[in-house]
Amino acid sequence: MKQLLSLLTIIAVIGCAPKHNIEVSYEGFSNDTIVISQMPYADYIKQNNVKFKHDTIILKGGTAKANIDLSQAQYIWINNLQYRHIDQYHGTVGFHPAGKVTLVMDNKDRVKVNITQADGYVLSSVKGSKLNAHISEIDNILRPLHLERDNIGTQINKIVFEQGIPSQEIRQKMLSVGDKIKDIRTEFISEHINDKVAAYLLLDIRAKDAVALYEQMDKSVFSHTFRPVEEAIIELIETGKIKANAEKLLTAGSIAPNFTLKDLSGVEFTLSSLQGKWVILDFWGTWCGWCIKGFPKLKDYYNKYREKLEIVAINCIDSDDRWREGVKKYSLPFTNIKDDNKVSAQYAVSLYPTKVIITPEGRIHKVFTGETEDFYKEIDKIMK
């Protein structure tokens, strides 16, 4: 009889176990619709060609519950439609980072998330996970700065797409906010050096700081979920060495580093195959307003000098989908390839766009950073 009661008790407990692993409550919001987005964390870190899966949920009494498949660690965003954002300059739709709540969940995690309104951004708290409580803690500090940076970014985009060149003052303001965000993250890592949140934040600070802090960390924080982060840091160390060496060797007259990357069709392209022509390497990204602003004139010059000149557009820091969409959207007629992080390091690229002019003999002629008229004057000069 006792065995039967024990069995019934176990069945009852299993039957009553909650069938959700995320419980979200919102306070002070006028919109009752949220979107929970997820992708495997390893794919997010490795920038694999995997898209977010989105689930739209209607809040009931300000609360929603969801059951996320945690067979592998997941990178999760929770957004309220109140923070939906349309970028009129790039034609993209997304969510404002000041309204985003981020989680990293693994295996048997179960969390309760409370989200409240602040002055143009949200505040969040998480129970049930030390890692996610820490993520919310740092996000609460950074969201006002994300709001400020996005507002400045909107001003810059308006100037770039409607008027021309933004003032040095507003560009410096943007850089200053970005530097402050990185400084805060770096300090937070230092204060939580042996917690998992340190591994989570490590790729979002300056490379030299990330490498230095990695050396101090207990490597056990990289086990399982954050193993891809450690792999990325090790790669960062290697590319850092390549870049440091390139900065010393990449001078006018030096041999341009050869490389092989795949084009849009998956066919291998090798730089040395273009010897005999002048070559421009254009390092760009869909996220780079200056890169996009310069495409019309770059295409004009390509058409003007294409018998003597080849342009190789090297996309950087984009997903495969974003790269392909960007090439199509901006109708890029060049040789289009995607960076593997090593080629940009070989050419010591740190600012975008970066344009490298290579002689028909395969040597470095000049390097230009930013969108500048001096680059086009130089092209006219060497094409005479």
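Visitor: Which cysteine does a disulfide join to Cys 288?

Guide: A disulfide (two cysteine sulfur atoms within 2.5 Å) joins Cys 288 to Cys 291, with a distance of 2.3 Å from S to S. Please keep in mind that this is a predicted model, in which local features need pLDDT of at least 70 and side-chain atom pairs count only at pLDDT 80 or more, while totals for chains, interfaces and linings use all residues. Residues are numbered from 1 along each chain as its sequence is written, and side-chain values use heavy atoms, with hydrogens and water left out.

Visitor: Are Cys 288 and Cys 291 buried or exposed?

Guide: Both Cys 288 and Cys 291 are buried, where buried means under 20% relative accessible area, exposed means over 50%, and partly exposed is in between, using a 1.4 Å probe and protein chains only. The link between the two is right-handed, with 85° about the S-S bond.

Visitor: Where do Arg 206 and Asp 179 lie?

Guide: Arg 206 lies in the loop between helix H5 (196-201) and helix H6 (207-216), and Asp 179 lies in helix H4, so the pair ties together parts that are 27 residues apart in sequence. Helices here are DSSP runs of H or I with at least four residues, strands are runs of E with at least two, and both are numbered from the N terminus. Arg 206 is partly exposed, with a relative accessible area of 23%, and Asp 179 is partly exposed too, at 34%.

Visitor: What about a salt bridge within one helix, like Asp 320 with Arg 324?

Guide: The closest N and O atoms of Asp 320 and Arg 324 are 2.8 Å apart. These two residues are four residues apart in helix H9 (residues 320-329), and are therefore separated by about one helical turn. Asp 320 counts as partly exposed at 22% relative accessibility, as does Arg 324 at 34%.

Methods: A salt bridge is a side-chain nitrogen of Lys or Arg within 4 Å of a carboxyl oxygen of Asp or Glu.
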